[in-house]
Amino acid sequence: MAYKRILTIQDISCVGQCSLTVALPVLSAAGHETAVLPSAVLSTHTAPGFGDFTFRDLTDDIPLIAAHWKKQKITFDAVYTGYLGSAKQIGYVKDLLDTFSGKEMTVFVDPAMADDGVLYTGLDEGYVKEMRSLAAAADLILPNITEACLLTGIRYRETYEENYIDELLRGLMGLGAKNIILTGVSYNEGSTGIAVLEEGRRSCYTHRKLKRSSHGTGDVFASAFVGAYMRGRSAYDAAKIAADYTLKCIENTADDPSHWYGVKFEPVLPYYIGSLQ
Ligand code: PXL
């Protein structure tokens, strides 16, 4: 099996099971070497529940770290970005992609910035605007419906039919997105799924929808997707593996109301590893 070095750029939420505390174990479980560029350090994630969180923005460190890596001739097989610290930082991340870009470097952008029709606390239109151009620099983007709406300017809707999803996919392509993994595509109460646009071909993976919606599942899905894709799976197969794993993680958490802030993804890692064999 090829051993890939994956750089992931996202925050350290010290407590809360999202971002780097999810991405690193999942990518390692997929058999990849990980490198990190923390975008910010927060005491917890920013979703309602933990109250006031601390936020240390690491924007100014990004170009210094990138310059050191460049001097050392360090290269990456993939870069996977998630929640970033500021609009200015997104500009630095674009510069970093230019600096390290190579034929063999795959760029994944999860524009982790919103859910259920609303932007995460602390983010603004300036952040969304920069995220649009980062999405254009990616080989694959992984937005949910809310993020796709913010990126394209299309109105957010809770209920919709297939032509709405087509409109979102077209809008994202219009921004310059090459391959799109659109999550949370649900046409009825009982099911949800992923719309995949891979090299112009459209497919959809649909699965059971659980009653409970859980925090951090976007990061579990994106990390599991990147891990599987970098193991040579197609975007559709990687989406299926990641969606099935995410569903199992939610199921594994459903009987524990005290675990409201994330999903217990760790005990289900053997299932994920098995699905990659
Ligand atoms: O799971 C996405 C995410 C990542 N990082 C931080 C967040 C969130 C979602 O709320 O607050 C800091």
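View 1. A nitrogen atom of the ligand lies 3.1 Å from an N or O atom in the side chain of Ser 19, and a nitrogen atom of the ligand is 2.8 Å from a side-chain N or O atom of Asp 11. An oxygen atom of the ligand is 2.6 Å from an N or O atom in the side chain of Thr 46; a polar contact here is a pair of N or O atoms within 3.5 Å. Taken alone, the ligand exposes 310 Å², of which the protein buries 98% (Shrake-Rupley method, 1.4 Å probe). This is a predicted model, in which local features need pLDDT of at least 70 and side-chain atom pairs count only at pLDDT 80 or more, while totals for chains, interfaces and linings use all residues. Residues are numbered from 1 along each chain as its sequence is written, and side-chain values use heavy atoms, with hydrogens and water left out.

**View 2. The aromatic pair of Tyr 160 and Tyr 187.** The rings of Tyr 160 and Tyr 187 pair edge-to-face, at 6.0 Å centre to centre and with 75 degrees between the planes (rings of Phe, Tyr and Trp, the last by its six-membered ring, pair if their centres lie within 6.5 Å; planes over 60 degrees apart count as edge-to-face). Tyr 160 counts as buried at 9% relative accessibility, whereas Tyr 187 is partly exposed at 36% (buried means under 20%, exposed over 50%, partly exposed in between).

**View 3. Charges over rings.** The charged end of Arg 157 sits over the ring of Tyr 164, 4.8 Å from its centre, and that of Lys 248 sits over the ring of Tyr 271, 4.9 Å from its centre (NZ of Lys or CZ of Arg within 6 Å of the ring centre and within 35 degrees of the ring normal).

Key:
A polar contact is a pair of N or O atoms within 3.5 Å; within protein, one must be able to donate a hydrogen and the other to accept it, and residues adjacent in sequence count only if both atoms are side-chain atoms. Rings of Phe, Tyr and Trp (its six-membered ring) pair if their centres lie within 6.5 Å; planes under 30 degrees apart count as stacked, over 60 as edge-to-face and the rest as tilted. Buried means under 20% relative accessible area, exposed over 50%, partly exposed in between (1.4 Å probe, protein chains only).
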